[in-house]
Amino acid sequence: MAGSQWELPPELCCRPMAFVALTGLDVVYNAVHRAIWDAFCANRRADRVPISFKVLPGDHEYPKCRTKRTSYEWYIPKGILKTGWMNKHLNLVPALVVLFYELDWDDPQWKEKQSECATKVEIVRTSLQGRNTKVAVVLIQKKTPLPPGEDLVASERAQALCHACDLSGKSLFVLPHTDHLVGYIIRLENAFYEHAQTYYYTEIRRVKSHKEFLNKTTHQLLFVRHQFKIAFFSELKQDTQNALKYYRTAYSLVHELRSHETNMLEIKTMAGFINYKICRLCFQHNTPLDAIAQFRKHIDLCKKKIGSAELAFEHSAWMSKQFQSFGELFDEAIKLGLTAIQTQNPGFYYQQAACYSQDRKQLAQQLCQVSNDHIAYQTHYPSPDPLDTQSAGLDFYGQRPWRQGQQSIDPPDAEKEKTGILALQIKERDVPHSELIIALLSNAVAQFKKYKCPRMKSHLMVQMGEEYYHAKDYTKALKLLDYVMCDYRTERWWGLLTAILTTALRCAYLMASIKDYVIYCMELLGRASTLKEEQKSRIERNLIKVLTNEVPDAEPECDPSSVTAARSLWNDRMALAGSNELTIEVQDYIPFIQCKAKFQSPSFHVDQPVQLQVFLRADCPHPVSFSKLAVSLSNQEYNQWCVAEWSGQEAMSLLPGKTTCYNFSFVAKTEDVGKKIEMTGIEVMLGGDSGRCVFVSWRGAGGDAASAHEALQASRCSRRWGRNIEARQELDWDSLTMQHSTMIISRVPKISVQLSHQPPALTNEMYCIKLTVQSQEEAMAKDVKLTAGLKPGQDANLGQTTHVTLDGSKFCDDSAPSLLPDVPLGELKPGEKLEKCVFVKCVSTGPRVFLFHVAYGIDTTVEGRQIMCKCHKDETVTIETLVPFEVSVKFVSTKFEPLDRVSVDIPFLLMTDIVSSSPWPLLLTSSSLQLLTVTSNTPQLQSQLQEVVLQTGECASECFCLRCPPQTSINNTVATGQYLISWRRNSSSPDSPLIQTIVSLPHVVLEMVPLYIHADLPSFGRVRESLPVRYHIENRTALVQEVEMAVEPSDAFMFSGLKQPQGRQLDDASIAAA
């Protein structure tokens, strides 16, 4: 039987929809009919009723209806379900036949057309003889009909047409061909759907009516058949809940059938069909757990029903198809919105389907191979063909072609049974088992990838690779296996990796892929391989043969026919010229040669030779020789110093398990100072010029896929066992660390740089830092340069408030830089000393870091090579900047009373206090006032602080008498001016520039006084002698003022003169009273 028998029939897998046949439509030549047909079938949305439409000719022959059975008394069923039954009700027997006829109510030939329409209806009824199919008529009209009851002619003619065609009023429809055609079509569909529902309801009742005639002794098959039919009709009726109920009943009944070897296949087939329907409906009802429970029950009931032992592969094929179908249903439900999880997803079902396909393949190899005892008999396919049927198909699902309709326990013809089984076995040989398995595994891998199950994905990819190997598609096998091996190397599954590598090595041999063959040989010889020593020895011999340009021996367990073809390919490869060099990057593998390299120091001075070491170790059973070792560096000019070559018999040999060290050194160039030199690769050449050269290459400083974990383990052991490792005589490979880069740093300077200064610095002063440089070199230091100033990388505001100069004789302005670069200092002889003063002006307070960088060049010799070394010495110093003194200013009256307002043209005093906050003595050389709105009340202002020295915390004060002139405009507040102080450190030289500090005087509030009174008093008086007192009263306004004065008596004085004088005072005039 053909392998396609396990595919589920399409009529089982599709969604059952009511079948409605449309007749009377010429969709090819009639544009109106074509538009009607397109409206029915084109772009159907999900919200339209589920109907399957088909256009058929009016005289179409429908399947004949068999004579209805009146009794089942002597009837013995030949099978459960006929193969054509589902298709018949889906596509051949309509629930409704609709006749389309062009006829308007006012057609002038109404009688003739009515008669013609009735004739066509009769033809349809005749072709449906014996069926319960409904018939309806649709009149295609050009005009839009009037509302019901308004067109009396239409009502009369409609009744007449229904009578002529023997139709009920509900079976006659009108379809106006207007702009709203689709809307009318949808209304028609809904009416058709109701008719179809009625038809299927009638069919269900008809099938149910047979139950009373059946008995459970001889009609067991019919119970299953009828329940399946009722369920299927319910699906067509879109009653899925009842459909599910009847399918469940049918499933229970099918397992109650008496099963034996001859009907086992039919029972399993029908059980599979019904299970598919149940699971599909459960997913459709959004009850996935019910679907999973039903499927598990189905598998538990059927997995032991193997049937004929000679056809056991059929059972595995059937089981595989069950899991595959359920996986597809599960996947389809997920696409429609169902949520799956890691532990329950379609991948598990595809995987199980693949497992049963693998079982099928193994059973087929056991049962379908040519037997030595029956070679002549089994080689040829039986004739006549026992699988051939007269009707080109089976009558019932799941039956054997050579005994259709037989329900007896024993086969009726043993010889036919034997030839039938033989035919099935021979056909099974031609089934592409590997293709089936790979397709299922591929589906499972996609699902596990989707649900993030990496280990399951890798496991199945290995199986896919092995199937490709069995299918002799070695390229795809290698691609898959190579992809998976990365994961197993990372997770250190050495046993699994070895098994995969063994399969990959066979593929590489059978393909004659030299590079792949060498890679897998190298890895199978390495420390990750779990092969035995004799197997490794055989692989090493084969590798040596490839290196000497010989054909390697075949790998064990390879197909003999494939080995012959592979030898031919290998001979062709060996004969090719120009392909004798191979480069293999082994960083991502675990080869049989391990490599580690390191620079002996993380950094080297430019006047020291750079030294590096390369450690090699072989893990193969026998010594391995190589002829070249090369280290590649980031600066390729150094590569020439890191190559070791041996020729002929001098080739170096690595002993198994022994570590060998190779040393290289070179002199760095002065241009590389400050740069990093990295190892970019290490290369070992196996083989020689006479054979094939294989360059084994490591990236960086060596190491492979397993090195990182081994180094971690070694570090843990070293911490655990302490110093015991140091006591070992031999190099411990695991404790070797890799150092893939080193930094070239400048030569150690042999000069001393000293800084002397007197911190802290004071704001705005020229702060002196004395730099002393002394050479301790043995040769002359050339091109000595100084970079001095604010160290880069600090707050940007500091750069704007810090100024550096070398000239201390004058005060530097804001244009001076914060850093002086490359100031030439000349040359320094051995032992010579050089001094330089740097002056810094800090405008703001706070700490600052200053850098003093002295650079020079000197000639030196490294390993016989004369080089010019650039050296430099850096010194940094942090200097705090402070305010030198605090200045306070206040206004007081001539009686030293505080003033909050100043009267115009009345003298007042300005008091200044200077308090030193400097830790060093300050010399105040002078002070001055710059007045704006006020003037001095004394002829000449002189500083009272000339050459005054202030110690820390001391205070210097000054007093100035000022007056606001009367011409001053009266505002709320006015500026008074500035206070200027010239100063320097007392310890600085007399030639050093003076610092001038400017203090802005506070604003004052002015007020106008209308009368100004002052008294002339003698400096002293005598008892009992007269004391003349004169009061001056001045009118400061522009108006004449009435003045009245009174002198208050005092017990200490006697008064003479007027005590209450009165008078008038003119504007801007004064009065004197005594």
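Visitor: Which residues are buried in H19?

Guide: In H19, the buried residues are Ile514, Tyr517, Val518, Ile519, Tyr520, Cys521, Met522, Glu523 and Leu524. Buried means under 20% relative accessible area, exposed means over 50%, and partly exposed lies in between (1.4 Å probe, protein chains only). Please note that this is a predicted model, in which local features need pLDDT of at least 70 and side-chain atom pairs count only at pLDDT 80 or more, while totals for chains, interfaces and linings use all residues. Residues are numbered from 1 along each chain as its sequence is written, and side-chain values use heavy atoms, with hydrogens and water left out.

Visitor: Let us turn to H10. How many residues does it have, and how far does it reach?

Guide: Helix H10 (residues 288-302) has 15 residues and reaches 21 Å from its first C-alpha to its last, close to the 21 Å expected at 1.5 Å a residue. The expected span is 1.5 Å times one less than the number of residues in the helix.

Visitor: Which residues of H10 are buried?

Guide: They are Pro288, Ala291, Ile292, Gln294, Phe295, His298, Ile299 and Cys302. They cover an arc of only 160° around the axis, which puts them on the same side of H10. The arc is that of the directions from the helix axis to the C-beta atoms. As background, an α-helix has 3.6 residues a turn, so residues three or four places apart point the same way.

Visitor: What lies over that side?

Guide: The buried residues of H10 are covered by elements including helices H8 (240-254), H9 (264-284), H11 (312-335) and H12 (346-367).

Visitor: New topic: how many salt bridges does the structure hold?

Guide: The structure holds 35 salt bridges. A salt bridge is a side-chain nitrogen of Lys or Arg within 4 Å of a carboxyl oxygen of Asp or Glu. One of them joins Glu7 and Lys321, whose closest N and O atoms are 3.0 Å apart. This pair links distant parts of the chain, with Glu7 in the segment before helix H1 (10-13) and Lys321 in helix H11, 314 residues apart.

Visitor: Is Lys321 buried or exposed?

Guide: Lys321 counts as buried at 8% relative accessibility, whereas Glu7 counts as partly exposed at 48%.

Visitor: And which residue forms a salt bridge with Arg985?

Guide: Arg985 pairs with Glu765, the closest N and O atoms being 2.9 Å apart. Arg985 lies in strand S34 (residues 977-985) and Glu765 in the loop between strand S18 (761-762) and strand S19 (766-775), so the pair ties together parts that are 220 residues apart in sequence. Arg985 is buried at 6% relative accessibility, and Glu765 is buried at 5%.

Visitor: Which residues are linked in a network of salt bridges?

Guide: Such a network links Arg44, Arg48 and Glu189.

Visitor: Where is a peptide bond cis?

Guide: The bond from Pro759 to Pro760 is cis, with omega near -5°. Pro760 is found in the loop between strand S17 (751-756) and S18.

Visitor: Lastly, where is Cys453 found, and what does it touch?

Guide: Cys453 is in the loop between helix H15 (433-450) and helix H16 (454-470). Cys453 is buried, with a relative accessible area of 12%. Not counting residues up to four places away in sequence, Cys453 touches Gln342 and Phe448. The C-alpha atoms of Cys453 and Gln342 are separated by 7.0 Å, although the two residues are 111 residues apart along the chain.

Terms used. Helices (H or I, at least four residues) and strands (E, at least two) are DSSP runs, numbered from the N terminus. Contact means heavy atoms within 4.5 Å.
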